Amino acid sequence: MLDAINVVSYVKTSGSAGIHIYIPLGAKYSYDQSQMFAKLLVSIVHSNLADFTSLERKIKDREGKMYLDFLQNRPGATIACAYSLRPKPGATVSMPLHWDEVKKGLQMKDFTIKNAIARIKSEGDLFKGTLGKGFDMAIALDKAKSLFY
């Protein structure tokens, strides 16, 4: 969906059970604007993939579906930063990915304290672009409206 609306994004493992998607904003938008944009994105994704995704915060009510959490982007919420070591079995690492690595079979244990440095050396800093200039939200919203509504 982000490709369809010409919004550059970056993905990383949480180092635990999730995947985080980052969109460079270029310090152009307020917290409220960014949260509204994230809510709109997950709403569109969920409406197109309702059999696979959930917006339900309570785990027991998700029925095994992937939770789309736009509320992680709020004051007081914590999130593992890229390349951080997690207190998990095997010492997993929150690892930036190439989008084509996000597929069935991806496991958090694929990225650990034992292989993180070698991966960074071979792939470079895949998260560097998160500090980019950002995008024009109005243009992206117009594009989303024309494609998904």
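The model is predicted: local features need pLDDT of at least 70, side-chain atom pairs count only at pLDDT 80 or more, and totals for chains, interfaces and linings use all residues. Residues are numbered from 1 along each chain as its sequence is written, and side-chain values use heavy atoms, with hydrogens and water left out.

## Helix H3

Helix H3 spans residues 137-148, twelve residues in total. Helices (H or I, at least four residues) and strands (E, at least two) are DSSP runs, numbered from the N terminus. From first C-alpha to last, H3 reaches 16 Å, close to the 16 Å expected at 1.5 Å a residue. That expected span is 1.5 Å times one less than the number of residues.

Met137, Ala140 and Ala144 are the buried residues of H3. Seen down the axis of H3, these buried residues fall within an arc of 60°, so they line one face of the helix. The arc is taken from the directions from the helix axis to the C-beta atoms. An α-helix has 3.6 residues a turn, so residues three or four places apart point the same way. On the other side of H3, Ile139, Asp142, Lys145 and Ser146 are exposed. Buried means under 20% relative accessible area, exposed over 50%, and partly exposed in between (1.4 Å probe, protein chains only).

Helix H1 (31-48) is included in what covers the buried residues of H3; contact here means heavy atoms within 4.5 Å. At the start of H3, a side-chain oxygen of Asp136 comes to within 3.0 Å of the backbone nitrogen of Ala138.

## Salt bridges

The structure holds three salt bridges. Each is a side-chain nitrogen of Lys or Arg within 4 Å of a carboxyl oxygen of Asp or Glu.

| Asp69 | Arg57 | 3.4 Å |

Asp69 lies in the loop between strand S4 (66-67) and strand S5 (96-97), and Arg57 in the loop between strand S3 (53-54) and S4, so the pair ties together parts twelve residues apart in sequence. Asp69 is partly exposed at 28% relative accessibility. Arg57 is partly exposed at 39%.

Asp61 is partly exposed, with a relative accessible area of 34%.

Arg119 counts as buried, at 12% relative accessibility.

Technical notes:
Polar contact = N/O pair within 3.5 Å; in protein donor to acceptor, adjacent residues only side chain to side chain.
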